[in-house]
Structures are given as C-alpha cells and as structure tokens.
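Hi,

Here is the structure I promised to pass on to you.

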Amino acid sequence: MPLTEPYDDHLPEEGSSTAVPEAGGNPGAGAPETGAEPPPAGADLPEALSAEAGAGPPEAAADHAGPAGTGPPEAGAAEAGPPEPEPSLPEPVRQRIVALTAAVLPGLPADEVPVPLRRVAKFAPNRRARLGGSVIAAQLTADPLFRQRVTARVLADAGDLGAAVVEGTAPAAADPVEVAALAYLVRPRGWRELIDASGAVVRAEADSAVVAELVREAEQRATRAEHDRAVARVEADKLRDELARVREELGQLREDNRQLQRSLRETQARERRANDLLATERGRATRAAADSDAELRRARARLAEAEAAAGVAKASAKEARSVDDARLWLLLETIGQAAVGLRRELALDPVDKLPADFVADAFTDAPVTAQAGPAARARDTDDPARLDQLLALPRAHLVVDGYNVTKRGFGEMSLEQQRKRLITGLGGIAAQTGDEVTVVFDGAERMHGLPPTPRGVRVLFSRKGETADELIRRLVRAEPPGRPVVVISSDREVADGVRRHGAYPLGADSLLRRLSRS
C-alpha cells in the first residue's frame, strides 16, 4: 500500500511505536531496519525523501499512526488519498535536519539505531554530520519509526520552540531554519506551509545577502574608481611637471649643442694647425734619421777596425802565453828532474810508516794504520768546496775531531751509532781522494763494538789523562813542514793551536756537508 503522510497533532507517545504493528496486523513492522533498504549513500535529503514517499514498504505505515487510541493506519491512509511528494528543502534546512539527527544519534539505544547508522553513531561529533549526512538523510526518509524516535529526542531538547512547532505555529522571533527543520521531523498540521514559509524567509535572507554583497561591491568599485581618479589626477600633475622639466632640459641641451658646435669648429682649426706642425716635424725627423744612419755606419766601420786590432792583440797575447807556458813547463821539468836526482843521491827508500803512525804507537793502546794519500791545505771556513780544494792537494792528511763532528751533526744517536756513521763516511772520502784520514775520539780505552775500519782511515782513542784535542795537536806537530794537514773541529782552541803549527783548520759543518753529498 502506498505511504501516506497524516498530520500528527501531538507528539507520539513512547509506546506507540510498538503498538503500530499490532494495529496493522503485520508482525514485520517492528523491525523497519530490515524491512526497508536505505537509498544509496551520497543522496541529498529532499531527493531521498521524495523517492521514499513514492515507493515505501507497507510496514512504513506505522510512522503515520496518530497518537495512542487513534484508528488503525490503514484507515487513515485510505482517507488520505494518494501520497503527496516530499517538499523541496532549502540547503540550510537540510543541513540543520542532518545536524539535529546526528546530535541525538548516540543517545538512542543500540537496538533502536538502524544498522546502516550504527557505525555512524560511533563517529566524533564534528565528523558525524559531515561524513554520515547522506546515510542519515536516507534513513530519515525510509524509516518513519526511526524519524519518530529522533523527533522525540529533538523535541525534548527544543523546549518551547518544539512545543510551538507541534502546535503548528512558529514564533516570529524564531530562526526560520530551525522552525523548518523541526516541522519536517515533527510533521504537525500545516508543516509543509511552515517549511515553505521558512524557505521563503531563507531565500529572502539569501537574496538580501546577495543584494547587500552587490551593494558592497558597487560601493567598493565606486571607492576604487574615485581613488583611481585621484591617482590619475596626481599622475597627470606629475606628467605636466615632468613635461615642463623636459622642455627646460631640451632648451639647455640645445644651448649646449650650440656651444659644442663652436668648440668643434675651434678644435678642427687647432687640428689643422697641429697637422701642419706634424708634417714639419716629420721632415725634421727624416733628416735626423738620415744623419743618424750615416753616423751609425761610421761607428760600425770604427768598430770593425777595433775588432781587427783586438784580434791582432789576442793573437799576440796567445803567442806570448804559449812562450810563458813553455818556460813554466821547462822550469817544472827541471825541478822534477832535480827532485829525482836528489832522491837518488840521498838513496831514500820507501817508508812503511807515516808520522801519524808513530804518534798513534806512542799515545794509544791499539793504533790502526792507514795508507797515505794526496791531500791539500784550505782556508779556515765551513765551505765544503774549500775542503774539496784542500783534499785535492798532494799528500794531504785529514785529521778529524770525532765527537766534535758527530755531536754537531747527528747528536740524537747513541755514541756507538755516531762513531759508526762518521767512520763509514770518512771511508768514502778516503776511497774517493786517496788521502790519509785520521779520526780521533776521547776515551781511556779502545771502545768495543766499532765497525771494521775502512781502507785509508786511521781510528785513534786518547789515553787516560789526555784529551782528543791534545792528541790532534801532537799529530799536527809530527807532520813535516810543508805537508798540507787539514784539521776538522769547531773547537776554537783546537783551531788556533793547529794553525800555529802550519795546519789548516776547518769547521765541522764543512765535513758534514761533504758527507751529505757522498
């Protein structure tokens, strides 16, 4: 049977929802949740209400039963005639209906909440109406019993306004949206007129808001236009001032142009005069260049004559030098032959020991002999080149103050490592130059752990009660006069002592630099 909408003059009693199925004689009317399927989610409330009004289930007739004690719903539906379509609700009214339903939804018993809305009832208050609005609207349209339960809760919270809506009247000061929402849920006599009146008020307010917005926009446009006119006037004044300034600058530029033209004419005249002077000077420069070329040719001729004279003088000097060289060679040859004759006349045999060997035998416990070789004297300096010059002299004797050199050059090593490094380096010098080399160390006894003595190197240790400096002076005094003896020591007392006996003292740095090159 089609669903009819009888007018409810009074709020239905709490037990009327359970008595409706008995009046209708249909046992399935007590479970509207399972008897009617809600519209699809997302449908608007007016569309869902309109669709349900035209094709509602027979059990939905319980929603239109009057207060307790009224006749059965079938009779009322028969008198009502065909169902009226759902009214078109303004958007604010629809949203308010959903909000009221969402607010009372958690307060309903669990068995009175339709199955599609049980999950929505668990949402947070601010999400319930926003996310479950379509489902709530569908259930309000499809389930009249659920709408009555919601209406009872909403009227209890509405107070006097709810009572006035139940009576079919609306207070003049009441919110038309609130009145229309309550009228849709309660549905008293004339509820459609209340909804239409509220919709007209809402639309009038919306139109008024639109008109006010249009007026405000017009006023804003007028204000902007006035501001633009003021700005345009200011800009026009600025442009007039700028035009006057530009005209003044143009006049000044014209005057400057006239002055520049006069200056240009004067400059051109000066340029012509300068060109004339330049031509004159070029002629003079050409004549001066010709004179310079002639003088240069004369100078080159004199230079050629001077070079020829220098060549002749050079040839004469070369010839004279050749004569001097011949004389010097003859003198040296005569001296050499005289030395050979003197050696033959004195019958001197080659010796096995050198003077330093006798000093070693007398003042050390275990002397070490070494072969003699060429040596040379040098000046008192630390230059290793001077040392090389002295060692290049024939039959030179190199005497080294051992610890004075090692402690200056590599004092961070132990004494044994110092002696080993110095003796090894002196062996290289002896091998390169063939000179006699003697190294002297302080020590009462011969030290143990010495490396094998290189060929040409003599190692001496001073005896108890005598220093290495004294031993060095004895070695120098033992050498024959005229033999080059080189003493390596940075001790000033040693240097002064050996210099008095004809030796050449050098600093320890000269030997250290010489060893670093080996």
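Let's start with the sheet: which strands does helix α16 lie across? Helix α16, residues 415-433, lies across β1 (397-401), β2 (436-441) and β3. The direction of α16 is at about 165° to β2. Before you go further, keep in mind that this is a predicted model.

**The sheet**

Those strands belong to an open sheet of 5 strands, and the pairing is parallel. If you walk across the sheet, you meet the strands in the order β3-β2-β1-β4-β5. Why is one side of β3 and of β5 left without a neighbour in the sheet? Both β3 (457-461) and β5 (504-506) stand at the edges with a single partner strand each, so one side of each has no neighbour there. From one strand to the next, the twist averages 20°.

Strand β4 (residues 485-488) runs parallel to β5, and 3 bridges join them. To find the spot on screen, look for Ile488, which stands opposite Leu506 in β5. Helix α19 packs on the sheet too, where it touches β1, β4 and β5. Its direction makes about 95° with that of β4.

**The salt bridges**

How many salt bridges does the structure hold? There are 19. As a reminder of the idea, side chains of opposite charge can pair when their charged atoms come close.

Here are a few to click on:

- Glu255 pairs with Arg258, and their closest N and O atoms are 2.3 Å apart. Both residues sit in helix α12 (residues 191-346), 3 residues apart, which is about one turn of the helix. An α-helix has 3.6 residues a turn, so residues three or four places apart point the same way. Glu255 is partly exposed at 28% relative accessible area, and Arg258 is partly exposed at 42%.
- Asp388 pairs with Arg517, with 2.7 Å between the closest N and O atoms. This pair links distant parts of the chain, 129 residues apart: Asp388 is in helix α14 (residues 384-391) and Arg517 is in helix α19 (residues 508-517). Asp388 is partly exposed, at 29%, and Arg517 is partly exposed as well, at 48%.
- Arg474 pairs with Glu466, the closest N and O atoms being 3.0 Å apart. Are these two buried or exposed? Arg474 is partly exposed, with a relative accessible area of 32%, whereas Glu466 counts as buried because its value is 12% and the cut-off for buried is under 20%.

Some salt bridges also join up into a network, and that one links Glu436, Arg458, Glu479 and Arg483.

Which residues make the nonpolar surface patch of about 390 Å²? They are Leu328, Leu331, Leu332 and Ile335. Leu331 is found in helix α12 and, at 48% relative accessibility, counts as partly exposed.

Helix α8 (residues 133-142) is another story. It is mostly covered, with 10 of its 10 residues buried. Among them are Gly133, Val135, Ile136, Leu140 and Ala142.

Cheers

Definitions and conventions
Residues are numbered from 1 along each chain as its sequence is written. This is a predicted model: local features need pLDDT of at least 70, side-chain atom pairs count only at pLDDT 80 or more; totals for chains, interfaces and linings use all residues. Side-chain values use heavy atoms; hydrogens and water are left out. A salt bridge is a side-chain nitrogen of Lys or Arg within 4 Å of a carboxyl oxygen of Asp or Glu. Helices (H or I, at least four residues) and strands (E, at least two) are DSSP runs, numbered from the N terminus. Buried means under 20% relative accessible area, exposed over 50%, partly exposed in between (1.4 Å probe, protein chains only). Two strands pair if DSSP finds at least two bridges between them. Axes are lines fitted to C-alpha atoms, for helices over the stretch in contact, and angles run from 0 to 180 degrees between N-to-C directions. Contact means heavy atoms within 4.5 Å. Patches are made of residues with over 30% relative accessible area and no salt bridge: like charges are joined within 9 Å, nonpolar side chains (Val, Leu, Ile, Met, Phe, Trp, Tyr) within 5 Å. Accessible areas come from the Shrake-Rupley method with a 1.4 Å probe; for residues, only the protein chains shown count as cover.
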